[in-house]
Amino acid sequence: LANGDRRPRDHRRSPELLPKLVFSNTLGEAPWGEWPAARVVHGDPGAAIKGLKDQDGKHMVLWGSLSLAQELIAADLIDEYHFQLCPTLVGGGRTLFPTRESYARLQRVNVQTYDTGVVFLQYEPLRAGA
Amino acid sequence: MGRLVINNAMAVNGAFEAPVPEPDGWLVLDADSNQVSLEQFLVADAMVLGRKTYEGLAAVWPQLADDPTLGLFADRMNSMPKYVASRTLRDPLEWNATLLEGDLATSVTGIKDSHDRTLVAVGAGELTHALIDMGLVDEFWFWVSPSLWPAGPRIFDGVGPVRLDLIGATTFGSGVVRLAYRPAPDRQEGTGSGR
């Protein structure tokens with residue numbers, strides 16, 4: 001997981017060695033230093049993620065990537081949100097969620113606090129009929 | 001010397017104004033968090049309100065005095081002393097309210113001096129923005145409901161940055177999380193100078 005709260009002890013699980021997908025319509029390749037390169041995916045990210053979710057395997061973590069995140073949120077493809085709420089009021093800047101007329105309920109899964117003042121908040125979307 | 005607290009309910013993304021029409025479950029009010037919220041108001045000395053929030057609350061709470069679930073809360077809300085910041089209203093005000101007259105920083109510092117316990121500022125409008133900017137806020141109490149409302153305005157747009165210290169996090173079975181913060185000692189650039 002990319003949360004920083006659970007540092008992988010097994011180096012085989014370290015971020016360097018996890019398979020990576022980079023969504024881009026301009027990149028031809030996506031090298032990752034001395035580590036295996038990331039796979040570049042062109043075209044519709046939603047369709048690609050749907051295809052990957054249909055396959056066997058473990059979780060996928062979306063790291064940063066605001067515009068990609070907004071596209072996947074809007075397509076209702078996010079199964080969990082992991083927020084690290086930093087102890088600062090900043091009334092401005094770009095926002096994570098796409099600004100559209102959508103109200104959504106969430107289910108709180110986990111909350112942890114850290115000495116730094118960071119609050120880790122984990123939610124799942126509460127989907128209609130779920 | 002009393003402490004001034006800003007108390008606000010919001011969605012996970014910081015939205016604090018209800019969607020229209022208001023969906024079921026917008027800002028969850030479960031019995032447990034409601035009780036904690038009531039106790040906050042029971043031990044507080046007074047509320048501090050901007051004119052718009054004052055008019056909104058004063059129109060609603062007196063009607064809820066006989067409500068089976070919110071009646072106790074309404075009794076406290078209705079009987080509490082209130083201080084209202086406004087450029088247009090004139091004393092006497094209804095709903096046990098007193099006008100904050102003259103310069104805001106001076107009048108708010110005055111009521112902090114004259115009270116020993118907590119003054120709860122409710123709302124997220126012009127008044128609370130000014131109180132934060134002037135460095136007069138001692139604590140923030142945020143009630144985070146498990147919901148998203150990305151199209152709504154977000155709390156404290158245009159404010160800060162203000163560095164905070166986390167002083168409490170309480171989870172309720174309903175999914176509500178109460179987060180309490182205090183401005184960090186080195187909270188921001190140019191603090192305390194007023195404006």
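## Reading salt bridges and a chain contact

Modeller: Let's start with a count: over all chains, the structure holds 10 salt bridges. Keep in mind that this is a predicted model.

Biologist: Happy to. What is the general idea behind a salt bridge?

Modeller: Side chains of opposite charge can pair when their charged atoms come close. For a case here, take A:K53 and A:D79, whose side chains meet in a salt bridge at 2.8 Å, N to O.

Biologist: Which parts of chain A does that pair tie together?

Modeller: A:K53 lies in helix α1 (residues 45-54) of chain A, while A:D79 is in the loop between α2 (66-74) and β4 (81-85), so the pair ties together parts that are 26 residues apart in sequence. A:K53 is also part of a network of salt bridges that links it with A:D76, A:D79 and A:R127.

Biologist: How do I read the exposure of A:K53, and why does it get its label?

Modeller: The label follows from relative accessible area: under 20% is buried, over 50% is exposed, and in between is partly exposed. A:K53 has 33%, so it is partly exposed. A:D79 also counts as partly exposed, because its relative accessibility is 39%.

Biologist: Is B:E139 buried or exposed?

Modeller: B:E139 counts as buried, because its relative accessibility is 6%. B:R182, with a relative accessible area of 41%, is partly exposed. For another pair in chain B, look at B:R154 and B:D157, whose closest N and O atoms are 3.1 Å apart in a salt bridge. B:R154 is partly exposed at 23%, and B:D157 is partly exposed at 34%.

Biologist: Now the two chains together. How many salt bridges are there between chain B and chain A?

Modeller: The count is zero. Polar contacts are another matter: 10 residue pairs, both residues at pLDDT 80 or more, are in polar contact between chain B and chain A.

Biologist: Which elements should I look at on the side of chain B that touches chain A?

Modeller: Those giving two or more residues are β6 (139-145), β7 (147-148), β8 (162-171) and β9 (177-183) of chain B. The largest share, six residues, comes from β8(B). By residue type, that side of chain B divides into 26 nonpolar, seven polar and four charged.

Biologist: And how much area is buried between chain B and chain A?

Modeller: About 2,600 Å², with carbon and sulfur atoms giving 66% of that area. On chain B, B:P146, B:L148 and B:P150 supply 22% of the area it buries against chain A, more than any other three residues. As for residue numbers, the contact takes 37 from chain B and 29 from chain A.

Biologist: What does β8(B) pair with in chain A?

Modeller: It pairs with strand β5 (residues 88-89) of chain A, in the antiparallel sense and over two bridges. To find the place on screen, look for A:L89, whose bridge partner in β8(B) is B:V162.

Conventions: Residues numbered from 1 in each chain as written. Chains lettered and ligands numbered in written order. Predicted model: local features only at pLDDT ≥ 70, side-chain atom pairs only at ≥ 80, totals over all residues. Heavy atoms only, no water. Contact = heavy atoms within 4.5 Å. Buried area = accessible area lost by both parts, 1.4 Å probe. Salt bridge = Lys/Arg side-chain N within 4 Å of Asp/Glu carboxyl O. Polar contact = N/O pair within 3.5 Å; in protein donor to acceptor, adjacent residues only side chain to side chain. Helix = DSSP H or I, 4+ residues; strand = E, 2+ residues; numbered from the N terminus. Nonpolar A, V, L, I, M, F, W, Y, C, P; charged D, E, K, R; others polar. Pairing = 2+ DSSP bridges. Buried < 20%, exposed > 50% of the residue type's maximum accessible area, 1.4 Å probe, protein only.
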